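Visitor: I would like to learn how to read a fold from its strands and helices. Could you walk me through one?

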Amino acid sequence: MNEPAIALHRLSRRYGTGNGTVTALDQVTLAFPRGSFTAVMGPSGSGKSTLLQCAAGLDRPTSGSVTVGGTELTVLSERRLTLLRRERIGFVFQAFNLVPYLTAEQNVALPLRLAGRRLSRARVREVLAQVGLAHRARHRPAELSGGQQQRVALARALITGPEVLFGDEPTGALDSRTGREVLEMLRGMAGRGGRTVVMVTHDPVAASYADRVVFLVDGRLNGQLTEADADEIATRMTHLEAATC
Ligand code: ADP
Ligand code: MG
């Protein structure tokens, strides 16, 4: 099947009305092939988070369409959208967003509880093992390093077996070494893992882990690079930022 995992068609998102209207996304058309790993870059305020939130069904676009595995999200009721998100989409954030009073394994199990699905302890342990944290299952977030917390958040995003994983600056709060570990994991989940991964980042080194980097400026696509190294990506970003200053 050549249908992309996610397809955005003329996606626009405006905030506010009248003179105060901000066009955060302006007619973005973009497809994410199955198993691909894409980085989204662009100056601050260029619409990266808005793109991710719309693609993940966390925000509703003003116009245009978003399809995930062939399902059009924009026509779904809130309830159907929530169900689809729980089953088919994983999301990790810069600030990890773990529940502080739950242990690692309880955090990972949370999406299953929310979905009313059978809680398999073995499955929770298996996913924690996949991110190298089997030995930290009973620890609370405050007892874990930043890199370990982000790996718990990754395990939590993976527990329902989503086809797509989104990350909004998932390595933004990590030092470069632990950031690299998380990036290696994301790359492994795409590729061999068969998941589709879409990550927003400011960091050209992080973006170089992706197969493709797409650039946004003022809510519009502004080209892409494939299989680029960090230097090429940094040069491109410098030009974009200079052009928008
Ligand atoms: P990025 O992630 O690239 O920094 P965002 O997607 O967060 O950019 O924001 C794109 C634009 O939309 C910015 O101008 C931002 O101020 C605006 N914006 C984002 N969210 C809101 C909101 N909830 N209300 C009003 N404006 C918003
Ligand atoms: Mg952002």
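Guide: Gladly! This is a predicted model. Let us start with a helix on a sheet: helix 5 (residues 146–158) lies across strand 6 and strand 7, and runs at about 165 degrees to strand 6. Another helix to look at is helix 6 (residues 176–189), which lies across strand 3 (37–41), strand 7 and strand 8 (196–200). The angle of helix 6 to strand 8 is about 145 degrees.

Visitor: What is the order of the strands in the open sheet of 6 strands?

Guide: First the general idea: strands of a sheet pair through backbone hydrogen bonds, either parallel or antiparallel. Here the order is 6-7-8-3-9-10, and the pairing is mixed.

Visitor: Which strands stand at the edges?

Guide: Those are strand 6 (89–93) and strand 10 (220–226). Each has a single partner strand, so one side of each is left without a neighbour in the sheet. From one strand to the next, the twist averages 20 degrees.

Visitor: How many bridges join strand 6 to strand 7?

Guide: There are 5 bridges, and strand 6 and strand 7 (residues 164–168) run parallel. To find your place in the pair, look for F93, which stands opposite D168 in strand 7.

Visitor: And where can I see an antiparallel pair?

Guide: Go to strand 1 (residues 6–15) and strand 2 (residues 22–32), which pair in the antiparallel sense over 7 bridges. L11 has V28 of strand 2 as its bridge partner. The two strands, strand 1 and strand 2, form a hairpin with 6 residues between them. In the turn, G16 has a positive phi of about 75 degrees.

Visitor: Now for helix pairs. How should I describe two helices that pack together?

Guide: Two packed helices are described by the angle between their axes and the distance between the axes. Take helix 5 and helix 6: their axes come within 9 Å and cross at roughly 20 degrees. Angles under 35 degrees count as roughly parallel, and helix 5 and helix 6 are therefore roughly parallel to each other. Helix 5 passes helix 6 in a right-handed crossing.

Visitor: Which residues make the contact of helix 5 with helix 6?

Guide: On helix 5 they are G147, Q150, R151, L154 and L158. Helix 6 contributes T178, E181, V182, M185, L186 and M189. By class, this contact of helix 5 with helix 6 has 6 nonpolar, 3 polar and 2 charged residues.

Visitor: How do helix 3 and helix 4 cross?

Guide: The axes of helix 3 (residues 104–114) and helix 4 (residues 121–130) come within 10 Å, with a crossing angle of roughly 110 degrees. The range for roughly perpendicular is 65 to 115 degrees, and helix 3 and helix 4 are therefore roughly perpendicular to each other. The crossing of helix 3 past helix 4 is right-handed. Helix 3 makes the contact with A104, E105, V108 and A109, and helix 4 with R121, V124, R125 and L128. These residues divide into 5 nonpolar, no polar and 3 charged.

How values were computed. Residues numbered from 1 in each chain as written. Chains lettered and ligands numbered in written order. Predicted model: local features only at pLDDT ≥ 70, side-chain atom pairs only at ≥ 80, totals over all residues. Heavy atoms only, no water. Pairing = 2+ DSSP bridges. Helix = DSSP H or I, 4+ residues; strand = E, 2+ residues; numbered from the N terminus. Axes fitted to C-alpha atoms, helices over the stretch in contact; angles between N-to-C directions. Contact = heavy atoms within 4.5 Å. Parallel < 35°, antiparallel > 145°, perpendicular 65-115°, else oblique. Left-handed = near helix turned anticlockwise from the far one by under 90°. Nonpolar A, V, L, I, M, F, W, Y, C, P; charged D, E, K, R; others polar.
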